[in-house]
Amino acid sequence: MSILQLLHTSPLTGRKARPRGRWLPYLLSLPALLVCIAILVPFVTAAAYSLQRYRLNLPYLRGFIGVDNYIDFLSDPAFWNTLRISLVYTALTVILELLLGLGIALLLRRPTRFHNAVSIVLLLPLMTAPAIAALMWKLMTNPGFGILSYLVSLFGVTDFKWASDPSSALFTVVLVDIWVYTPFIMILLLAGLRSLPRQPFEAAALDGVPASFVFFRITLPMLAPYIITASLFRLLDSIQQFDIIYAMTQGGPGDRLMVFQVQAYLEFFQYTNVGRSAALLMILWLITNILSNIFIRNWLRLRARAHGQA
Amino acid sequence: MEHSSLAGRIFRGIALALVLVFFMFPIVWIFLMSFQTNEQILRIPPRLVFEPTLGNYAALISGQLRTTAGNLEISFVHNLWNSFALSSAAVVLALLLGVPAAYAFARFKFKLGETIAFTLLSFRFAPPLLVLLPLSLYYQDIGLNDTYFGIVWVYQLIALPLILWIVRGYFEDISPDIEHAYRLAGHSWREAFTRIAVPLAGPGIAAAGLLSFIFCWNNFVFALILASADKQPVTVGALAFVTASGIQYGQIAAAIVLSVTPTLLLALYAQRYLVEGLSLGAVKG
């Protein structure tokens with residue numbers, strides 16, 4: 001058998017493989033396929049639940065009701081509140097984290113030993129469990145002894161109730177989200193900044209181009225793929241935020257922080273209304289699906305480029 | 001972009017200092033709090049100099065918490081053990097399932113492979129409750145509710161996409177020629193896989209494993225729904241602990257420190273790979 005022939009029959013080329021070789025990829029990915037199916041089954045079930053009148057406490061009323069659960073939302077102020085809070089929370093966290101993360105990445109751009117150490121230390125909030133991070137901030141904002149309550153009182157604000165006051169609850173959870181997730185944007189953009197080619201910047205420096213022009217016309221456009229990737233990752237996670245809000249206030253005070261997943265969780269476990277809970281999650285899934293389609297398209301382009309260079 | 005002017009350097013120095021304070025202060029403060037008695041914590045104004053005590057940690061480890069309502073038995077150490085056991089088992093399972101699949105996706109172009117990879121990727125971005133709520137009803141029917149295996153199984157939702165996408169990238173970066181040469185020497189594909197491909201992708205596999213461990217450890221919502229008190233990991237346990245211990249703030253702080261220390265140490269150790277891991281291989285660090 002010649003070497004060429006052997007290469008052709010090898011399963012590594014994938015084509016013209018021996019009978020056993022042809023099944024090899026399928027055999028190797030069989031376990032992952034099973035996991036996929038195991039995820040898809042509950043997912044399809046959830047879609048079916050969303051079309052049913054299904055309450056755990058009233059099982060005999062269970063039945064198919066078409067899209068009634070969805071239609072009910074249209075006239076339900078609680079649903080519109082959930083949609084509004086989720087979108088406001090997402091917009092605030094993503095925009096603020098993006099600006100802050102970009103700023104920090106620019107500060108740490110030059111790869112000195114000190115800058116590298118800072119960027120590593122800044123990863124610690126990101127590696128803290130978000131639910132635990134919420135508890136940390138809860139201790140720091142305690143009205144009795146919290147250090148942050150004490151610090152704002154030094155500035156004459158004596159009655160700031162942080163997460164337990166409807167007017168400052170959103171601000172407080174957004175602050176925790178920023179603390180946890182800004183390092184995510186920072187680390188991605190920093191990797192992006194440091195991988196940019198040097199020539200355009202050297203040329204601009206030689207020509208004496210002003211710094212603001214360099215930033216808006218060279219740095220930002222070249223960084224765009226990284227900014228898109230980082231912000232879409234955050235967008236998808238943020239609109240589904242559960243841990244921080246649940247650990248901090250369980251969606252309260254009142255319904256001030258009732259984002260999608262917290263609302264769905266309470267519908268299911270407190271009001272035992274499986275149908276409504278599933279319908280809420282399907283709407284959230286639809287929103288994230290639209291966002292992830294945009295995301296995956298951009299992401300694949302970037303990934304292909306990253307591997308092309310490697 | 002070089003700001004070598006004095007004003008520029010001062011501005012950057014102040015900005016960096018503020019950034020460091022904002023991101024480090026909570027961790028440092030809770031750490032200090034965990035060595036204080038309740039009386040010290042409740043003092044106003046708060047003091048930075050205090051007589052440290054190990055009492056909070058001792059109470060947590062012995063499981064006997066003194067509260068105003070009397071002695072309370074809470075086994076936080078058991079929560080720590082649960083976190084460790086659940087996350088490790090989930091990562092081992094995900095590596096066993098994911099590494100061969102990642103190899104197949106990298107080496108063979110087949111439609112099913114792409115479908116699986118993308119289904120898992122899209123579920124990484126789907127609301128976890130969408131899968132969890134129906135699953136909790138199924139679990140009740142088939143008796144998997146509140147079992148370690150049941151929780152480890154859903155942790156695959158976190159670990160498997162991460163391992164598949166990162167490790168696949170590493171396999172793609174290894175030239176198939178090396179494996180061809182090894183096969184030409186008369187070795188089977190299995191030997192080429194275990195002796196050539198896996199060792200060469202070793203750093204990627206290790207990074208993906210470490211990151212999966214961190215994300216499983218940090219997960220909250222899966223165990224909140226599927227685990228009762230004695231199967232709960234630290235994330236859920238700490239929240240229950242806050243409710244139960246009420247005003248024992250020093251002990252709460254100590255519980256927080258114990259919960260985050262393992263992942264923070266691992267993160268420092270694995271920081272070289274974090275960029276790739278966090279972006280599922282989209283951005284190379």
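## Helix α1 of chain B

In α1(B), the buried residues are B:Phe23, B:Pro26, B:Ile27, B:Ile30 and B:Met33; a residue counts as buried if 20 or more other C-beta atoms lie within 10 Å of its own, as exposed if 12 or fewer do, and as partly exposed in between, with C-beta atoms placed from the backbone. Helices (H or I, at least four residues) and strands (E, at least two) are DSSP runs, numbered from the N terminus. The buried residues of α1(B) pack against α6 (123–127), α7 (130–140) and α9 (166–195) of chain A, and against α2 (38–42) and α13 of chain B. Two residues are in contact if their C-beta atoms, placed from the backbone, lie within 7 Å.

Helix α1(B) covers residues 6–33, 28 residues in all, and reaches 39 Å from its first C-alpha to its last, close to the 40 Å expected at 1.5 Å a residue; the expected span is 1.5 Å times one less than the number of residues. A kink of about 45° lies at B:Met24, shortly before the proline B:Pro26, the bend at a residue being the angle between axes fitted to the seven residues ending there and the seven starting there.

## Basis and confidence of the model

The structure is a predicted model, in which local features need pLDDT of at least 70, side-chain atom pairs count only at pLDDT 80 or more, and totals for chains, interfaces and linings use all residues. Residues are numbered from 1 along each chain as its sequence is written, while chains are lettered from A and ligands numbered from 1 in the order in which they are written.

The model scores ipTM 0.91 and pTM 0.89. pLDDT is the predictor's confidence in each residue, from 0 to 100. Chain B averages 87, with 95% of the residues scoring at least 70; chain A averages 86, with 90% of the residues at that level. Among the elements of chain A, helix α1 (residues 3–9) has the lowest mean pLDDT (39) and helix α4 (residues 77–107) the highest (95). Over residues 1–19 of chain A, pLDDT stays under 50. Where pLDDT is low, the predicted coordinates should not be read in detail.

Helix α9(A) has 30 residues and reaches 44 Å from its first C-alpha to its last, close to the 44 Å expected. A bend of about 40° occurs at A:Val180, and the proline A:Pro183 follows within four residues. Because 21 of its 30 residues are buried, α9(A) is largely enclosed by the rest of the structure.

Helix α13(A), residues 260–269, is mostly covered, with eight of its 10 residues buried. Among them are A:Phe260, A:Tyr265 and A:Phe268.

## Contact between the chains

The contact takes 87 residues from chain B and 80 residues from chain A. On the side of chain B that touches chain A, α13(B) gives the most, with 14 residues. By class, this side has 64 nonpolar, 15 polar and eight charged residues; Ala, Val, Leu, Ile, Met, Phe, Trp, Tyr, Cys and Pro count as nonpolar, Asp, Glu, Lys and Arg as charged, and the others, Gly among them, as polar.

B:Leu274 lies in α13(B), which spans residues 249–278. B:Leu274 counts as buried because it has 25 C-beta neighbours inside 10 Å. Not counting residues up to four places away in sequence, B:Leu274 touches A:Leu123, A:Ile187 and B:Ala267.
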